[in-house]
Amino acid sequence: MHPNAEHVASVLQGHGVEGEIVELPDSAPTARAAADQVGCAVGAIANSLVFDADGAPLLVLTSGAHRVDTAKVAGLVGARRVRRATPEFVREATGQPIGGVAPVGHPAPIRTLVDVWLGGHDRVWAAAGHPHTVFPTSYEELLKITGGDPAEVE
């Protein structure tokens, strides 16, 4: 397993998460690619999207069926501007590459919003630190392990 995924597994275990990391045969850079490989609806994929909110990292865990409304999110977090982060910004904030950003395991805590639409699925899948890894979880568990706030982000 990739070292990033091993680190994420350790953090998940520390939070009492029972779902184990699954290594995918192919990279899953999109929600559709991940859903196809794990056999779930695209809406049950918890996309980990990192944004630059006035210079601070913001993690939005959104349903793979949604696009994030950055103006709406800016209002939710009190930022003047929220924009998609560069790959370098994402790596610096999370220690993980785009396409594999996990909800946890970052060098420092990141403010997190969790899309309320994920609550409509009993099981959701989130990236585990590398584009070839995911883990099963739930909406409630995502809120717990990230300390995130529930939000309508689309």
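Ala, Val, Leu, Ile, Met, Phe, Trp, Tyr, Cys and Pro count here as nonpolar, Asp, Glu, Lys and Arg as charged, and the others, Gly among them, as polar. The model is predicted, with local features needing pLDDT of at least 70 and side-chain atom pairs pLDDT 80 or more, while totals for chains, interfaces and linings use all residues. Residues are numbered from 1 along each chain as its sequence is written, and side-chain values use heavy atoms, without hydrogens and water.

Q: How do the residues of the lining of the largest pocket divide into nonpolar, polar and charged?
A: The lining of the largest pocket divides into 19 nonpolar, 10 polar and two charged residues.

Q: Which element gives the most to the lining of the largest pocket?
A: Elements are DSSP runs numbered from the N terminus: helices (H or I, at least four residues) and strands (E, at least two). With seven residues, the largest contribution to this lining comes from β2.

Q: What percentage of the 154 residues in the protein is buried?
A: Buried means under 20% relative accessible area (1.4 Å probe, protein chains only). Of the 154 residues, the buried share is 52%.

Q: How many helices and strands are there in the protein?
A: Along the sequence the pattern is α-β-α-β-β-α-β-α-β-β-β-α-β. The protein has five helices and eight strands.

Q: What box do the C-alpha atoms of the protein fill?
A: The box is taken along the principal axes. Its dimensions are roughly 40 × 30 × 25 Å.

Definitions and conventions
Buried < 20%, exposed > 50% of the residue type's maximum accessible area, 1.4 Å probe, protein only.
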